[in-house]
Amino acid sequence: MNLMNIITKQLIEIIEWTDDSRDTLSYRWPDEDKEIKNGAQLIVRESQQVQFVSEGQFADLFGPGRHQLTTQNIPILSTLRGWKYGFNSPFKCDVYYINTRLFTGNKWGTSNPVMMRDKDFGVVRMRAFGTYDFRIVNPAKFLKEVAGTDQNFRIDEFADTMRSRIVSIFSEALAKAQVPVLDVAQRYSELGDALLQLINPAVTEKYGLEITSFLLENVSVPPEVEEAIDKRSSMSAIGNLNDYVKYQMGQAMANGGEGAAAATIPATMAMGFGMAQEMMKGMQQPAGGAATDPFSPAAAQAAQAAQAPAAGGGVQVLTPEQAAQVLGVTAQDVVAELESGALKGRKIGSAWRISQESLNEFLRG
């Protein structure tokens with residue numbers, strides 16, 4: 001082998017890279033201590049960019065196509081090298097291929113709950129996860145801040161950093177948005193689009209990346225909050241408490257047996273209270289002739305003392321617990337109807353009092 005052949009084999013004439021890994025972000029082309037000759041061919045395929053780095057300084061950037069490396073095609077490198085009149089001798093330079101295709105389906109999620117203030121449930125701990133798509137838009141920034149001089153930089157080397165960055169921005173944005181917990185599930189798409197506008201500037205400036213799609217797939221809350229949400233949904237589904245009680249009675253009576261007997265108990269108690277009310281009309285006038293206020297504390301105490309039908313003959317004023325027994329529901333359901341105004345009552349201090357007349361009117365619908 002003559003000297004010319006030895007020299008020729010030490011010169012790089014064609015630079016190209018084909019990616020078959022599907023997860024490589026950047027690739028430093030191995031020069032094997034060879035030098036690039038004047039007029040060498042640089043091949044850059046679609047979804048690729050090539051960044052030249054000379055002695056630690058970023059030089060020329062090449063997009064897709066076939067490029068002949070001459071002084072005219074590498075003006076920045078020529079300036080760095082001091083080639084005022086063109087170069088004729090071979091040179092060494094680091095060549096980085098940057099994969100600019102879209103990397104899809106990357107997962108993100110909160111490793112710890114995000115604390116946020118909710119108007120319905122107070123301070124709530126939330127977890128969230130989803131996916132995002134991204135691409136490299138600034139090769140120099142990406143190489144400087146992320147890949148460095150890595151020979152073959154893959155996405156799994158950067159996944160944890162990206163996930164932490166996204167979760168941090170997501171947590172801050174969600175807290176500022178003040179979206180109620182009950183509305184989050186209905187606004188996944190809207191939240192994803194809104195958060196994308198906040199996340200993108202941060203990752204582009206820091207890492208030279210662009211997130212093209214940010215999806216919020218699920219938001220979860222602690223079990224106690226889920227239980228509260230379920231209860232609220234149940235109350236909304238029940239709607240009118242009077243109609244619900246009547247429906248339950250009708251269903252049980254149609255089924256027959258013990259269920260029918262149990263279903264008639266609330267109605268029987270309501271009728272008994274109505275009869276007792278008629279019997280007590282003549283007994284409710286005080287000595288002065290003025291009607292006794294059925295919502296007064298004294299009336300409530302008298303009602304509690306006369307709770308046994310045999311002993312007192314009837315109950316004029318009821319507590320929510322007593323009304324719940326009549327209706328066959330929970331005391332919380334009765335309070336909800338009182339607060340909504342469907343069932344008339346009076347609140348004394350922190351306690352509710354319900355007249356039998358109001359309860360009868362509620363049952364009549």
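Guide: Ser26 stands opposite Ile98 in S7. This is a predicted model, in which local features need pLDDT of at least 70 and side-chain atom pairs count only at pLDDT 80 or more, while totals for chains, interfaces and linings use all residues. Residues are numbered from 1 along each chain as its sequence is written, and side-chain values use heavy atoms, with hydrogens and water left out.

Visitor: What makes S2 and strand S7 a pair?

Guide: Two strands pair if DSSP finds at least two bridges between them. Strands (E, at least two residues) and helices (H or I, at least four) are DSSP runs numbered from the N terminus. S2 and S7 (residues 94–99) are joined by three bridges, so they pair, and they run antiparallel. S2 also pairs with S11 (residues 152–154), antiparallel and over three bridges, with Thr24 facing Arg154.

Visitor: How do you know that strand S2 is largely enclosed by the rest of the structure?

Guide: Buried means under 20% relative accessible area, exposed over 50%, and partly exposed in between (1.4 Å probe, protein chains only). Of the five residues of S2 (residues 24–28), four are buried, so the strand is largely enclosed.

Visitor: Why do strands S13 and S14 stand at the edges of their sheet?

Guide: The sheet is open, has three strands in the order S13-S15-S14, and is paired antiparallel. S13 (317–318) and S14 (346–348) each have a single partner strand, so one side of each has no neighbour in the sheet. S14 is joined to S15 (residues 351–355) by three bridges, and Lys347 stands opposite Trp352.

Visitor: Why is H3 called roughly perpendicular to H6?

Guide: Axes are lines fitted to C-alpha atoms, for helices over the stretch in contact, and angles run from 0 to 180 degrees between N-to-C directions. Under 35 degrees counts as roughly parallel, over 145 as roughly antiparallel, 65 to 115 as roughly perpendicular, and the rest as oblique. The axes of H3 (residues 139–147) and H6 (residues 188–207) come within 7 Å and cross at roughly 85 degrees, which makes H3 roughly perpendicular to H6. Contact (heavy atoms within 4.5 Å) is made by Lys141, Phe142, Glu145 and Val146 of H3 with Thr204, Glu205, Lys206 and Tyr207 of H6.

Visitor: What makes a nonpolar core, and which residues have the most contacts inside the largest one?

Guide: A nonpolar core is a set of buried Ala, Val, Leu, Ile, Met, Phe, Trp, Tyr and Cys residues joined through side-chain atoms within 4.5 Å. The largest has 44 residues, with Trp108, Met126, Ile211 and Phe214 making the most contacts inside it. A second, separate core has 22 residues, including Ile15 and Trp83.
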